[in-house]
Amino acid sequence: MIIVMQSKAVEGQIDAVVHRIEDLGLKPHISRGEFRTIIGAIGDESLLRPESFAGMAGVESVMPIMKPYKLASRDFHAEDTVLKIGKFRIGGENLGIVAGPCSIESLDQLRQTAVAVRAAGAAFLRGGAYKPRTSPYSFQGLGEEGLKMLRDVGGELGMATITEVLDVRDMATVAAYADVLQVGARNMQNFRLLADLGRLAKPIFLKRSPSATTEELLMSAEYILSEGNHNVILCERGVVGFDKSTRYTLDLAAVPNLQSVSHLPVAVDPSHATGRRDLVTPMALAAVAAGAHCVMVEVHPDPERALSDAPQQLTFDAFKRLMDELRPIADAVGRKLQTP
Ligand code: PEP
Ligand code: MN
């Protein structure tokens with residue numbers, strides 16, 4: 001249920017509503033908009049009687065939220081959420097480009113890539129240190145050693161960093177080094193991990209599972225939000241399809257679809273979605289045209305020799321061309337590209 005306060009409501013009236021929600025054993029969430037404050041009562045709605053709130057001083061209206069996700073919905077928070085990550089922004093009119101290797105393989109590989117993607121215009125540096133691999137015999141990532149490289153290179157170049165947290169056990173370590181924590185597609189419904197991430201003060205980049213609906217993605221975001229962390233980016237990275245000529249099927253309609261029901265920024269990852277170098281640039285451009293707030297692209301100094309995801313990583317030259325083609329599209333759709 002959400003309680004919409006009158007635009008002239010004072011702090012004492014807001015506090016009174018918050019206390020009544022707490023007394024009923026529910027969790028209040030306050031969203032202060034430009035014109036009015038909205039208070040969400042999260043928990044078992046059967047404990048609430050809308051009439052008991054409607055009569056309180058300063059309350060304008062009381063509405064049940066019909067959707068199963070509450071805090072992620074636009075009913076609770078009408079304006080787009082804009083995340084501030086270091087000196088950069090993602091969400092609203094802001095567009096952030098994340099680029100870097102699939103896996104961090106060495107300091108030299110990461111630094112070379114970071115220098116190239118930064119020069120091309122990416123403000124965010126990615127690189128996996130804990131890798132979710134289908135085979136236990138494949139390269140698993142450099143772990144904490146890789147995280148240190150990411151922190152050092154990001155710091156040197158003034159880029160914000162993002163890397164995947166694979167398990168609750170690594171969460172504190174990853175959070176100590178990276179600016180944004182990525183939840184991989186395979187972990188989208190690892191609810192214990194999501195709840196723990198909800199208690200961190202770090203932005204979370206939440207990837208859609210290839211077999212999840214957009215509603216399930218929003219329910220996963222809700223796990224993070226409901227613990228108090230409101231800094232979540234949703235990422236479409238391809239869903240299971242029947243056409244085996246691409247790795248997955250990029251659901252681009254998910255961008256405006258998610259944006260219509262949620263205030264959270266929406267990202268697209270065309271690298272994992274297509275699994276094919278030749279398709280990454282057109283789909284990155286299409287993502288921006290569709291209104292994405294963020295695009296994540298894998299880039300490697302020598303893609304053929306990459307230790308993971310070799311077929312989909314872009315060369316430095318190809319990434320530069322992508323960025324040159326992307327700028328006019330961002331302008332055309334009114335997105336402000338965050339520059340390093
Ligand atoms: C990744 O971004 O490195 C990754 C493993 O992606 P996904 O979880 O989408 O497969
Ligand atoms: Mn990858």
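Modeller: Two strands pair if DSSP finds at least two bridges between them. Strands themselves are DSSP runs of E, at least two residues long, and helices are runs of H or I, at least four long, with both kinds numbered from the N terminus. This is a predicted model, so local features need pLDDT of at least 70 and side-chain atom pairs count only at pLDDT 80 or more, while totals for chains, interfaces and linings use all residues. As for bookkeeping, residues run from 1 along each chain as its sequence is written, chains are lettered from A and ligands numbered from 1 in the order written, and side-chain values use heavy atoms, with hydrogens and water left out.

Let's start at strand 3, residues 37–42. Strand 1 (residues 2–5) pairs with strand 3 in the antiparallel sense, over three bridges. In that pairing, Val-4 sits opposite Ile-38. Strand 2 (residues 27–32) is also an antiparallel partner of strand 3, this time over six bridges, and here Ile-38 has Ser-31 as its bridge partner. Ile-38 therefore turns up in both pairings, facing Val-4 in one and Ser-31 in the other. To get from strand 2 to strand 3, the chain makes a hairpin through four residues.

How covered is strand 3? Six of its six residues are buried, where buried means under 20% relative accessible area, exposed means over 50%, and partly exposed is in between (1.4 Å probe, protein chains only). In a regular strand, side chains alternate between the two faces of the sheet. On one side of strand 3 we find Thr-37, Ile-39 and Ala-41, on the other Ile-38, Gly-40 and Ile-42, and both sets are buried.

Next, Glu-79, in the loop between strand 4 (59–63) and strand 5 (83–85). Glu-79 counts as partly exposed because its relative accessible area is 40%. Setting aside neighbours within four places in sequence, Glu-79 is in contact (heavy atoms within 4.5 Å) with Gly-33, Glu-34, Arg-74 and His-263. Thr-113 is another story: Glu-79 and Thr-113 are 34 residues apart along the chain, and their C-alpha atoms are separated by 35 Å.

You'll find it in the loop between helix 8 (254–261) and strand 13 (266–268). His-263 counts as buried because its relative accessibility is 4%. Beyond its neighbours within four places, its contacts include Leu-71, Ala-72, Ser-73, His-77 and Asp-80, as well as Glu-79.

Gln-313 belongs to the loop between strand 14 and helix 11, and it counts as buried because its relative accessibility is 0%.

Asp-309 is buried because its relative accessible area is 18%.

On a 1 Å grid over the protein atoms alone, a cavity is a set of points where a 1.4 Å probe fits but cannot get out; a pocket is an open set with protein on both sides within 12 Å along at least five of seven lines; lining residues have an atom within 4 Å of a point. Points join across faces, edges and corners, and a volume is the space filled by probe spheres set on them. The largest pocket holds about 230 Å³. Its lining has 16 residues, and those closest to the centre are Pro-132, Arg-186, Arg-247, His-272 and Asp-309.
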